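Colleague: Could you take me through this model and tell me what stands behind each term you use?
Modeller: Gladly; let's look at it together.

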Amino acid sequence: MYESYFGFSEKPFSLLPDPGFLYPSKKHKMALAMLEYGLLNQAGFTIISGAVGAGKTTLIRHLLNQLDDDLTVGLISNSHASFGELLEWVLLAYGIEAGAKSKVEMYRAFVDFTIQEYAKGNRTVLIVDEAQNLSADTLEELRMLSNINADKDQVLQVLLVGQQELRDTLKRPELRQFAQRISVDFHLGPLAEDETCGYIAHRLKIAGGSDTLFDQDACKAVHRHTGGTPRLINLLCDTTLVYAYAEQRTTIDAALVNEVAEEKKAGGLFAADVHLDLPDDAQAG
C-alpha cells in the first residue's frame with residue numbers, strides 16, 4: 001500500500017519473522033553467540049527465553065541459515081497445550097515415518113536415526129520453539145530421550161526456545177534433574193531506547209527506504225509506547241506508515257506516533273502490560 005510512496009522494496013515492519021531483518025542489538029548478538037556456543041561445545045540442553053514478541057523466532061530462523069553441514073536439525077515450531085505424543089513430533093521433525101509404531105518402536109527408530117547420523121559424522125540437534133507450552137511431563141520425557149548421549153560426544157543436542165513460563169516450569173522440583181543438564185541459557189530482554197531507534201533505522205534501510213524517515217523524537221516515542229518489544233515496534237511503526245501515507249507526509253514525527261499509539265490503546269490492540277506514556281500536550285490533543 002505505502003511501499004512505492006516511501007520507496008520501499010518490501011514492508012519494513014512485517015510481523016512475520018524474517019532473519020533478513022534481524023537487528024544486531026547487543027542482546028540479540030549475545031543470544032546468538034550463546035546459541036552458537038551451545039552448539040559448538042556440544043551442550044546437552046540450551047535454553048533461550050524472552051517475552052512475547054522479543055524476536056526469539058527470528059533469531060532461530062537466522063541461526064538455521066548459519067548452521068554447519070555436520071548438524072542434522074529438526075524443528076518443532078507448533079507446540080501447544082494439546083501437544084500430544086512427543087516422540088511423534090520428534091520423528092516428524094526429522095522426516096521419519098511414525099505410522100502405527102508403538103512408543104517403544106518410535107524411540108528405537110529415533111535412536112537408530114541419531115546413531116546413523118553420528119556414524120556419518122553428524123550431530124543431531126532438536127529445536128523446540130514455543131517451548132513454554134510443554135508440560136513438565138513432556139520436558140521430563142525430553143530429558144529421558146537425551147539419555148542416548150552415553151559417551152563423551154553428544155549424539156543429541158536440544159535447544160528450547162520459549163517465554164518466561166518455560167523458566168518457571170523448569171524451576172519445579174520434579175524437573176531438578178532436567179535443570180542440572182542445562183549447559184547454556186540466556187534471557188532475551190527488550191530493546192533500550194537507543195536500540196529501538198537503531199532497530200527502526202535498520203529495518204527502514206533493509207527495506208530500501210530512508211533510515212531517517214522516522215525522526216529521532218518519533219523513534220523515542222515508539223520506544224516509550226512499546227517498551228522496546230520488537231513485535232510491538234513493528235505493529236506501531238507499520239500503522240504509523242499507513243497514517244503518514246494517507247496524509248502524504250515525507251517524514252514522521254513524534255506527534256503522529258503519539259496519535260497512532262493513542263488510537264491503538266483506545267482500541268485495546270496493545271498488550272495490557274504496555275503503558276502508553278503520552279506527553280501532556282499529546283494527551284490534551
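Colleague: How do you know how much area domain 1 and domain 2 bury between them?
Modeller: Buried area is the accessible area, taken with a 1.4 Å probe, that two parts lose on being put together, summed over both. For domain 1 and domain 2 that comes to about 460 Å², with 50% of it on carbon and sulfur atoms. On the side of domain 1, Glu195, Pro230 and Arg231 lose the most area, together 66% of what that side buries. Keep in mind that this is a predicted model, where local features need pLDDT of at least 70, side-chain atom pairs count only at pLDDT 80 or more, and totals for chains, interfaces and linings use all residues. Residues are numbered from 1 along each chain as its sequence is written, and side-chain values use heavy atoms, leaving out hydrogens and water.

Colleague: What makes lysine 27 and glutamate 195 a salt bridge?
Modeller: The rule asks for a side-chain nitrogen of Lys or Arg within 4 Å of a carboxyl oxygen of Asp or Glu. Here N and O are 2.8 Å apart, so the pair qualifies. Across the interface of the two domains, the rule finds one salt bridge.

Colleague: How many salt bridges does the rule count in total?
Modeller: Eleven salt bridges. One of them joins aspartate 238 and lysine 11, with the closest N and O atoms 3.6 Å apart. Aspartate 238 lies in helix 11 (residues 230–246) and lysine 11 in the loop between helix 1 (3–6) and helix 2 (26–40), so the pair ties together parts 227 residues apart in sequence.

Colleague: How confident is the predictor in the chain?
Modeller: pLDDT, its confidence in each residue, runs from 0 to 100. The chain averages 88, and 91% of the residues score at least 70. Over residues 271–285, however, pLDDT stays under 50. Where pLDDT is low, the predicted coordinates should not be read in detail.

Note on methods:
Contact = heavy atoms within 4.5 Å. Helix = DSSP H or I, 4+ residues; strand = E, 2+ residues; numbered from the N terminus.
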